[in-house]
Amino acid sequence: MSSLDRSQEDGENDLLLTEILRQPGTLRRSGDAILGQLESLRRIAGLEVAASGRPVILTGMGSSLDACRAAASLLAEAGVDAHEIEAAELLHFRLPLVRPGTVVVLVSQSGRSAEVVALASIIRARRAGRPFL
């Protein structure tokens with residue numbers, strides 16, 4: 001019996017423990033989702049972004065950032081100037097990296113992460129159009 005099963009069976013209300021125990025499965029599902037989109041990532045790398053030489057910043061918080069790591073690695077392997085940066089770090093310390101032409105991919109499981117929402121707002125205000133994919 002797994003720790004998660006014991007936690008739920010014993011009636012424990014430790015939400016933090018439950019969240020921690022679910023993380024490996026969440027990461028596996030994130031990895032599977034990225035692998036399922038591998039062809040799309042290759043097309044982005046091969047056609048649009050790589051040809052333009054535009055940098056790509058993938059950002060999120062927590063497990064959303066973990067999902068960005070694999071995508072950034074795949075894009076970099078294809079020759080794209082791709083970086084994953086934690087959303088809070090990008091927002092508070094590295095925002096000057098987001099220049100016109102930079103492709104910013106904001107990832108949030110809930111769509112309500114404070115840092116991701118703030119980044120979307122700032123990027124949208126800086127330039128016309130959609131700030132992220």
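**Strand pairing, helices and cores in a predicted model**

Strand β1 and strand β2 (residues 82-86) run parallel and are joined by five bridges; strands are DSSP runs of E of at least two residues and helices are DSSP runs of H or I of at least four, both numbered from the N terminus, and two strands count as paired if DSSP finds at least two bridges between them. The model is a predicted one, in which local features need pLDDT of at least 70 and side-chain atom pairs count only at pLDDT 80 or more, while totals for chains, interfaces and linings use all residues. Residues are numbered from 1 along each chain as its sequence is written, and side-chain values use heavy atoms, with hydrogens and water left out.

The secondary structure comprises six helices and three strands. Along the sequence these follow the pattern α-α-α-β-α-β-α-β-α. Of the 133 residues of the protein, 30% are buried, where buried means under 20% relative accessible area, exposed means over 50%, and partly exposed lies in between, with a 1.4 Å probe and protein chains only. A contact is defined by heavy atoms within 4.5 Å. Among contacts in the protein with a separation of 6 or more, 67% are between residues 24 or more positions apart.

Together with helix α4 (residues 63-77), β1 and β2 form a right-handed β-α-β unit. Right-handed means that, with the strands pointing away from the viewer, the path from the first strand over the helix to the second runs clockwise. Five of the five residues of β1 (residues 56-60) are buried, so the strand is largely enclosed by the rest of the structure. This applies to both faces of β1, with V56, L58 and G60 buried on one side and I57 and T59 buried on the other.

Helix α4 has 15 residues, which at 1.5 Å a residue should span 21 Å; its end C-alpha atoms are 22 Å apart, which agrees. The expected span is 1.5 Å times one less than the number of residues. The buried residues of α4 are S64, L65, A67, C68, A71, A72 and L75. Seen down the helix axis, the buried residues of α4 fall within an arc of 150 degrees, so they line one face of the helix; the arc is that of the directions from the helix axis to the C-beta atoms. An α-helix has 3.6 residues a turn, so residues three or four places apart point the same way. D66 also lies in α4, but is partly exposed, with a relative accessible area of 31%. The C-alpha atoms of D66 and E86 are 9.4 Å apart, and the two residues are 20 apart in sequence. Just after α4, G79 takes a positive phi of about 95 degrees.

A nonpolar core is a set of buried Ala, Val, Leu, Ile, Met, Phe, Trp, Tyr and Cys residues joined through side-chain atoms within 4.5 Å. The largest such core has 13 residues, of which I57, L90, V98, V104, L106 and L119 touch the most other members. At least two residues of this core come from each of α5 (87-92), β3 (103-106) and α6 (114-126). Helix α6 supplies the largest share, four residues. Beyond its neighbours within four places in sequence, L90 is in contact with I57, T59, I85, L95, V98 and L119. A second, separate core has eleven residues, including L65, L75, A82 and V105.

T102 is placed in the loop between α5 and β3. T102 is buried, with a relative accessible area of 4%. Its contacts, leaving aside neighbours within four places in sequence, are P55, I57, L97 and R127.
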